[in-house]
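Here is a short briefing to read alongside the model in your viewer. Please keep the sequence and the structure open as you go.

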Amino acid sequence: MIPNEVIIDLGALRHNFFEIKRLAGPHTRILAVVKSDAYGHGMIPVARTLESAGIDYLGVFELEEGLALRKAGCKVPILIMMGITSNEVSAVVEHGLTPSLFQLDIAEKLSRISAEQGKVTPVHVKVDTGMTRLGVCFKDLRNFLKEILPLKGIELEGLFSHLAIADQPSHPFTDQQIRRFHKVIEESRRLGVSPRVIHISNSGALLGNKGLDLGMARPGILLYGSPPAQGWAASVSFKPVMTFKSRVIQIRTVPLGTSISYGCTYTTPKRCTIATIPVGYDDGYSRLLSNNGEVLIHGRRVPVVGRVCMNLTMVDVTGVEGVSVGDEVVLLGAQGDERITAEEISTRIGTINYEVYCAIGKSNRRVYIDP
Ligand SMILES: Cc1ncc(COP(=O)(O)O)c(C=O)c1O
């Protein structure tokens, strides 16, 4: 069997959740974003851990994820953030899920089917305050609410919006979005509705103390132990949850002038010891790490040499004493006193830590620990 493992530390996840709660304060509930297989960490174990730690709400992207959580026994409220299609309405009602709502035809069908079954389905109306992605435009919200308020069988439990640039704390657009959101909250109150759950704060807003007075925050990346962008002050201590490990499967000492991997993009500048690892871009280890990444062996950083292949990567271990076949290699996470973070990898390859977690977490066998 390929010796690659993604290790998910549920103790670190719990720690991050309690750290988020401390940051948010006693009056702000937490909706944990567990969409996209909990950013590659495994939606069901993550959700179960958070549920037993007292999470208030879970957020998934689509219906299928909500149904999987219910099937796994999750009892907490679940928001389907993408919203739903017409043919998903019955399942939402049957399984007690909360759809994001921004279309009148869906509202009408939800109302009809819920009423037929003698149920009341909670909905969170999605307001677009500037992200221009999903939701009712803040300018149109009043009219939308007037249309849905008379509908039986649905309860306007929540109003929510999403921030476009909260990861840049000093950017004025976040305050503009929050002002727009406050305005529509006021408008809805004037229409006689007081949604019980109002949320806009993602991880960036949480760290920047924005929108927390609304009573609920909706973090994702902080739960998994990473900041939403580089350069956040370390006023809080989050623990990375994911580690990606492999093992050396071959060692060779080669003479000066030996080319390594596809494209002959690396030639040894001297006699070198090269270790081969069974990790490639098929395992979420980006090809952009060719001649660019570092991994940990014996607690030391060693460079990736040559191109990352589909299933194999070579590293130069010349400076590290006694590396043998079978030795542990850490591609993401800590070994000895060294650590490779998702932020480091994402900087090297010009992307964001979110993408690194999703790619690695979803491509490998995951092992859960709860130390
Ligand atoms: C609608 C919505 N809310 C909240 C989040 C969580 O964002 P973050 O991981 O930056 O906290 C996301 C993430 O993409 C999202 O799409």
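This is a predicted model: local features need pLDDT of at least 70, side-chain atom pairs count only at pLDDT 80 or more; totals for chains, interfaces and linings use all residues.

**Ligand surroundings**
- The residues around the ligand include Val 33, Met 81, His 162, Asn 202, Ser 203 and Gly 204.
- Also surrounding the ligand are Arg 218, Pro 219, Gly 220, Ile 221 and Pro 228.
- Sorted by class, this shell holds five nonpolar, five polar and one charged residues.

**Positive phi angles**
- As a background point, most residues other than glycine have a negative phi.
- Tyr 39 has a positive phi, near 50°, and belongs to helix H2 (residues 35-40).
- Tyr 39 counts as buried because 27 C-beta neighbours lie inside 10 Å, and the cut-off for buried is 20 or more.
- Thr 132 also has a positive phi, near 55°, and sits in the loop between strand E6 (121-128) and strand E7 (136-137).
- Thr 132 counts as exposed because it has 9 C-beta neighbours inside 10 Å, where the cut-off for exposed is 12 or fewer.

**A three-stranded sheet**
- Three strands form an open sheet in the order E12-E15-E18, and their pairing is antiparallel.
- At the edges are strand E12 (250-254) and strand E18 (313-316), each of which pairs on one side only.
- On average, neighbouring strands of this sheet are turned by 30° against each other, direction ignored.
- E12 and strand E15 (residues 272-277) run antiparallel and are joined by five bridges.
- Ile 251 has Ala 275 in E15 as its bridge partner.

Technical notes: Residues are numbered from 1 along each chain as its sequence is written. A residue is near a molecule or strand if its C-beta atom, placed from the backbone, lies within 6 Å of it. Ala, Val, Leu, Ile, Met, Phe, Trp, Tyr, Cys and Pro count as nonpolar, Asp, Glu, Lys and Arg as charged, and the others, Gly among them, as polar. Helices (H or I, at least four residues) and strands (E, at least two) are DSSP runs, numbered from the N terminus. Two strands pair if DSSP finds at least two bridges between them. Axes are lines fitted to C-alpha atoms, for helices over the stretch in contact, and angles run from 0 to 180 degrees between N-to-C directions.
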